[in-house]
Amino acid sequence: MMKSENLFASQGGPIILSQIENEYGPEGREFGAAGQAYINWAAKMAVGLGTGVPWVMCKEEDAPDPVINACNGFYCDAFSPNKPYKPTMWTEAWSGWFTEFGGTIRQRPVEDLAFAVARFVQKGGSFINYYMYHGGTNFGRTAGGPFITTSYDYDAPIDEYGLVREPKHSHLKELHRAVKLCEQALVSVDPAITTLGTMQEARVFQSPSGCAAFLANYNSNSYAKVVFNNEQYSLPPWSISILPD
């Protein structure tokens, strides 16, 4: 239907990426060869549709070419795709968690989420999709699992009712503004890594088109004073400070 309506980017539409299956990897391993055969079939079927946009599989280490395997999780900075020529993609950056009846309403501090995203970017991450960016409501029996509440607010930057959640929304907005300012340097070169302390480092992207530096403090408890380019910086705990050109 989407192809017949010319909705893919290759047809001039807005869809730039498609996904086949979701987190099938753990299930597929239980089925052994049959699970792998299914993944190969699903990938071939998807690519055969000729949509003209890339296909991804989330949490599927054995995603066959040209399908791209991607990461879902709270942190994806240690993730690498199964082939070096595939982009590093984070298809679910979890902004919170779902709620069970009688359970805790879980929240994720925006400082931790922003740190995870910045760390992913500085290590070569090329795509980030928040899960969720806008919370929602699952009515009736559509909640998606046993004992899951109808509320799927997920501590998202925009809540279940469409209201902006602060400071999460503004913090992420400023993070992505800073990353955007570093765009030319990030896509041009690999970073030079310099140690600034026992748990601190700088990653510098220096290119003819611009420069960007990511100053990281991996200590989760204490501020760190560091010197970078003859300037002193006080880095908050568990943080990455982005210095655009």
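Colleague: What classes make up the lining of the second largest pocket?
Modeller: Nine nonpolar, four polar and three charged residues. Nonpolar covers Ala, Val, Leu, Ile, Met, Phe, Trp, Tyr, Cys and Pro; charged means Asp, Glu, Lys and Arg; the others, Gly among them, are polar.

Colleague: How far do these values reach?
Modeller: This is a predicted model: local features need pLDDT of at least 70, side-chain atom pairs need 80 or more, and totals for chains, interfaces and linings use all residues. Numbering starts from 1 along each chain as its sequence is written, and side-chain values use heavy atoms, without hydrogens or water.

Colleague: Which residues lie nearest the centre of the second largest pocket?
Modeller: Glu23, Phe98, Tyr131, Tyr152 and Tyr154, out of 16 lining residues. About 330 Å³ of space lies in this pocket.

Colleague: What makes a space a pocket?
Modeller: A pocket is an open set of points on a 1 Å grid where a 1.4 Å probe fits, with protein on both sides within 12 Å along at least five of seven lines; lining residues have an atom within 4 Å of a point.

Colleague: How much space lies in the largest pocket?
Modeller: About 440 Å³, counted as the space filled by probe spheres set on the points. Its lining has 19 residues, and Val121, Gly125, Ser126, Leu186 and Val187 are the closest to the centre. Two or more lining residues come from each of α3 (110-122), β5 (127-131), α4 (168-181), α5 (183-186) and β9 (200-207). Helices here are DSSP runs (H or I) of at least four residues, and strands (E) of at least two. α4 gives the largest share, three residues. By class, this lining holds nine nonpolar, five polar and five charged residues.

Colleague: Why are α3 and α4 called roughly parallel?
Modeller: Their angle is about 20 degrees, with the axes 10 Å apart. Angles under 35 degrees count as roughly parallel. α3 and α4 are therefore roughly parallel to each other.

Colleague: Which residues of α3 and α4 meet?
Modeller: In α3, Val110, Glu111, Leu113, Ala114, Val117, Ala118 and Val121; in α4, Lys168, His171, Leu172, Leu175, His176 and Val179. Contact means heavy atoms within 4.5 Å. These residues divide into nine nonpolar, two polar and two charged.

Colleague: How do you know that the bond from aspartate 65 to proline 66 is cis?
Modeller: Its omega is near 0 degrees. Proline 66 sits in the loop between β2 (55-58) and β3 (68-73). The bond from tyrosine 131 to methionine 132 is also cis, with omega near 0 degrees. Methionine 132 is in the loop between β5 and β6 (136-137).

Colleague: What is phi of phenylalanine 147?
Modeller: Near 70 degrees, a positive value in a residue other than glycine. Phenylalanine 147 lies in the loop between β6 and β7 (151-152).

How values were computed
Axes are lines fitted to C-alpha atoms, for helices over the stretch in contact, and angles run from 0 to 180 degrees between N-to-C directions. Angles under 35 degrees count as roughly parallel, over 145 as roughly antiparallel, 65 to 115 as roughly perpendicular and the rest as oblique.
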